[in-house]
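This briefing goes through one protein chain by topic. The points below are meant to be read next to the sequence and the coordinates.

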Amino acid sequence: MPHNESSFPHWRASTIETQAFALIEHEAGEQSGDATPILCLGFDDPAAWAVLDDLAQSFRLIALAPAAVPLGASEQLDAHSFAREALTCANRLGLKRFSVLARGDEDHAALCLGLLAGERVTAIALIAPDLHSRDGAAQDAQLMERLGQVRTPVLAMFGALDRSAALHGARALQERLPACHILFLRNASAQVDCERPHALARATSAFLRAPDAFKIVRDAD
């Protein structure tokens, strides 16, 4: 759930039913200039909404999360399924082109979207991704083998104090996505979105506005 303070953007909630699942959609912000809408995945933790509140000042945001119970389906909504359902939602919302912001385990779904609809996904921003954390070794292996096919610009952001990130998420992305930007934010751990939300939002905004011209600059408070 988003914050309730009156100074924050007004979030509108609705449910979109796809072929097999129901997805809860929270939407806020307006599209400005050439900025594309942002599909936001993995923002189930209320503490993480501070990043979205900042971004909603300049972007149209659509935050998607699976509803509690799949519609007529017993299987789990894995990364590939989530990516397909998110693309269905984008179609329903009339999004011809969009960027993706994902946190935590939904980094898999974001990268799957890059594989599934690379011609429509303009950029992918990942918050503290860990490509070894979801769906087991076989699922990870399948995604990792295809990462080199992702042509969409990617920015992966980590807390500088999260030492495991350098061994897993950052290294894996650098090895398989040579053009991927890696950004470490100082004074933050794996909970970088809760500890440095404003810095994270600034970096995300700069990248999503001009992914091909993005340059990593000094991490300022």
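C89 has a relative accessibility of 0%, and because buried means under 20%, this cysteine counts as buried. The coordinates come from a predicted model. The protein has eight helices and eight strands, and 54% of its 221 residues count as buried.

**Cysteines**
- C89 belongs to the buried residues of helix 2.
- C112 is also buried, with a relative accessible area of 5%.
- The count of disulfides, with a cut-off of 2.5 Å between cysteine sulfur atoms, comes to zero.
- In general, a disulfide is a covalent bond between the sulfur atoms of two cysteines.

**Helix 2**
- Helix 2 covers residues 79-92, which makes 14 residues.
- From first C-alpha to last, helix 2 reaches 20 Å, close to the 20 Å expected at 1.5 Å a residue.
- The buried residues of helix 2 are A79, H80, S81, F82, A83, E85, A86, L87, C89 and A90.
- An α-helix has 3.6 residues a turn, so residues three or four places apart point the same way.
- At the start of helix 2, the backbone nitrogen of H80 has a side-chain oxygen of D78 within 3.3 Å.
- After helix 2 comes G94, with a positive phi near 75 degrees.

- Eight strands form an open sheet with mixed pairing, in the order 1-2-4-3-5-6-7-8.
- Strand 1 (12-17) and strand 8 (181-185) are the edge strands; each has a single partner strand, so one side of each is left without a neighbour in the sheet.
- On average, neighbouring strands of this sheet are turned by 20 degrees against each other, direction ignored.
- Strand 7 (residues 154-159) pairs with strand 8 in the parallel sense, over five bridges.
- L155 stands opposite H181, which is in strand 8.

**Helices on the sheet**
- Helix 3 (residues 107-116) lies across strand 3 (38-41), strand 5 (98-103), strand 6 (121-127) and strand 7.
- The direction of helix 3 is at about 165 degrees to strand 6.
- Helix 8 (residues 197-209) also packs on the sheet, where it touches strand 3, strand 5, strand 6, strand 7 and strand 8.
- The direction of helix 8 makes about 160 degrees with that of strand 6.

- A128 is not a glycine, although its phi is positive at about 50 degrees.
- A128 is placed in the loop between strand 6 and helix 4 (136-146).
- The relative accessibility of A128 is 17%, and because buried means under 20%, A128 counts as buried.
- N187, a residue other than glycine, has a positive phi near 55 degrees.
- The loop between strand 8 and helix 7 (192-195) holds N187.
- The relative accessibility of N187 is 52%, and because exposed means over 50%, N187 counts as exposed.

**Contacts along the chain**
- Among contacts in the protein with a separation of 6 or more, 73% are between residues 24 or more positions apart.

Definitions and conventions
Residues numbered from 1 in each chain as written. Predicted model: local features only at pLDDT ≥ 70, side-chain atom pairs only at ≥ 80, totals over all residues. Heavy atoms only, no water. Helix = DSSP H or I, 4+ residues; strand = E, 2+ residues; numbered from the N terminus. Expected span 1.5 Å × (residues − 1). Buried < 20%, exposed > 50% of the residue type's maximum accessible area, 1.4 Å probe, protein only. Polar contact = N/O pair within 3.5 Å; in protein donor to acceptor, adjacent residues only side chain to side chain. Pairing = 2+ DSSP bridges. Axes fitted to C-alpha atoms, helices over the stretch in contact; angles between N-to-C directions. Contact = heavy atoms within 4.5 Å.
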